[in-house]
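Biologist: I have just opened this one and would like a walk through it. Could you take me along slowly?

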Amino acid sequence: MPRITVAGSDASFECTAGDTILRAALREGIGMPYSCNVGSCGNCRFELVEGAVDHARADAPAWSERDLKRNRWLGCQAIPQGDCTVKFRSTPDALAPARPALRQAQLVSVEDVTRDIREFRFAVEGPDAFEPGQYALISAPQIASARAYSMANLPGDGLWHFQIKRVPGGALTGYLFDTLAPGGTVTLDGPYGTAYLRPDSPRDLILMAGGSGLSPMVSIARGAAATGLTAHRKVHFLYGCRSRADLFDPSLVTSIDPAISLTAVLSEPDAGWDGATGFLHDHADATFGAALAEAEIYFAGPAAMSGAIQRMAHDSGVPMTQLHFDEFY
Ligand SMILES: Cc1cc2nc3c(=O)[nH]c(=O)nc-3n(C[C@H](O)[C@H](O)[C@H](O)COP(=O)(O)OP(=O)(O)OC[C@H]3O[C@@H](n4cnc5c(N)ncnc54)[C@H](O)[C@@H]3O)c2cc1C
Ligand code: FES
C-alpha cells in the first residue's frame, strides 16, 4: 500500500489501492485543504516532491498544463502509483468531527420534492455520523467516477437522505432517476465538506439555497432546530429558483420549526406571483443590508449563484469566517 509523506512535517499516511491522496489524508485525520472533491475548485492542489501519481479525471477543470509543468496535482484526483512525498499546507479547518469512509448503501425510498428534485433515502452500512451541511460521494458501477451530493437530514437512524436535482443528460442523476430502484445499492464515500453548521456562534443565520443547493440548507435548518438554536437566534431560509413550478411545498422548511422564516425568490416570476423576485444575492442584500456582516451565512447552489453571493458578501463587509460554502459544481 503506498505511503504518502507530507514534506516539511512529520505526517505520513497510507493510501489504499484506488484511493486519492486527499481522501486518504482525510481518512487519517490529516487536514488537507479541499472543497468540491471532484476536480473543480483547485483548493486541494499540492506539489509532488517525489514519486508518481495518476489523475482519476484527466479533464479536471481546475487542473492545467501549467500545473503539470510545475508538478502540481489535485489531491482529490491524484492516485499514487507508489510511495510519494507531497507538499501542501495542512489545516485543522479541513477536518470535520467524523472521518470519511467508504460504505455500501441501499436505496430505501424515493419522493418528489419539486418537478425536478427528488429525495433519495439510503440505508447506510456502519457508523452514520455527519454534520448538517456535509456531503457524500455517490458512485455506481456504470459511471466513470463519483459525484458529490449533500445530505438533507440529520444522522442517527442509519439513513442518509439526498435531495437531488435531475440534470438533463447527466450520467449519475440519469442513473438515480431512471434506473436505480428501491433495494438497489450504490457506494457512498463520506462525510466530506467543511461548510457545516457551527451551532456555537452567537449570530443569526442566513441560509441561501439555489436549485440543487436545497439539500444542505435543509439539513442545516434541521440542525439549527435540533440544537435549540432557533429559540434564541433568527434563522432565515431563502430559496432561489426561476418560476413557481420550481417551488417545493413550504412545509419542507416550515415544519422543521415555525420560527424559521422562509422566503422564495423567483428570477422569472409568473403572472400573479406576489412574492420576492430577482436574484437571491440581490434580495439578501436589499433585505438584510448592514445586518449581513453580523450574520453567519451558509449557501449552496450553482456556480453563478455562488460567485454572486460571495461578491455581494465581500462588498457588504462580511468576514470570510462567517461565510460557509463548498464549491458546488
Ligand atoms: C460539494 C458538492 C455538493 C453537491 N450537492 C448536490 C446536491 O445536494 N444535490 C444535487 O442535485 N447536486 C449536488 N451537487 C452536484 C452534483 O454533484 C452533480 O454535479 C450533478 O448532479 C450532475 O451530475 P450528473 O452525473 O448527473 O451530470 P454530468 O453532466 O454527467 O456531470 C456533471 C458534473 O459532474 C462532474 N464530472 C463530470 N465528469 C466527471 C468525472 N469523470 N469525474 C468526476 N466528476 C465528473 C463535473 O463537475 C460535471 O459538471 C453537488 C456538487 C458538489 C461539488
Ligand atoms: S479540485 Fe479537489 S477539492 Fe476541489
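Biologist: How do the residues lining the second largest pocket divide into nonpolar, polar and charged?

Modeller: The lining has ten nonpolar, six polar and four charged residues, where Ala, Val, Leu, Ile, Met, Phe, Trp, Tyr, Cys and Pro count as nonpolar, Asp, Glu, Lys and Arg as charged, and the others, Gly among them, as polar. This is a predicted model, in which local features need pLDDT of at least 70, side-chain atom pairs count only at pLDDT 80 or more, and totals for chains, interfaces and linings use all residues. Residues are numbered from 1 along each chain as its sequence is written, and side-chain values use heavy atoms, with hydrogens and water left out.

Biologist: Which domains does that lining draw on?

Modeller: At least three residues come from each of domain 1 (3-94) and domain 3 (205-324), with bounds taken from an automatic or database domain assignment.

Biologist: Switching topic, in what order do the six strands of the open sheet run?

Modeller: The order is 17-16-15-14-18-19, with parallel pairing; strands are DSSP E runs of at least two residues and helices H or I runs of at least four, numbered from the N terminus, and two strands pair if DSSP finds at least two bridges between them. Strand 17 (276-277) and strand 19 (323-324) are the edge strands, each pairing on one side only.

Biologist: And which residue is the bridge partner of Ile 297 in strand 19?

Modeller: That partner is Leu 323, and strand 18 (residues 296-300) pairs with strand 19 in the parallel sense over two bridges.

Terms used. Chains lettered and ligands numbered in written order.
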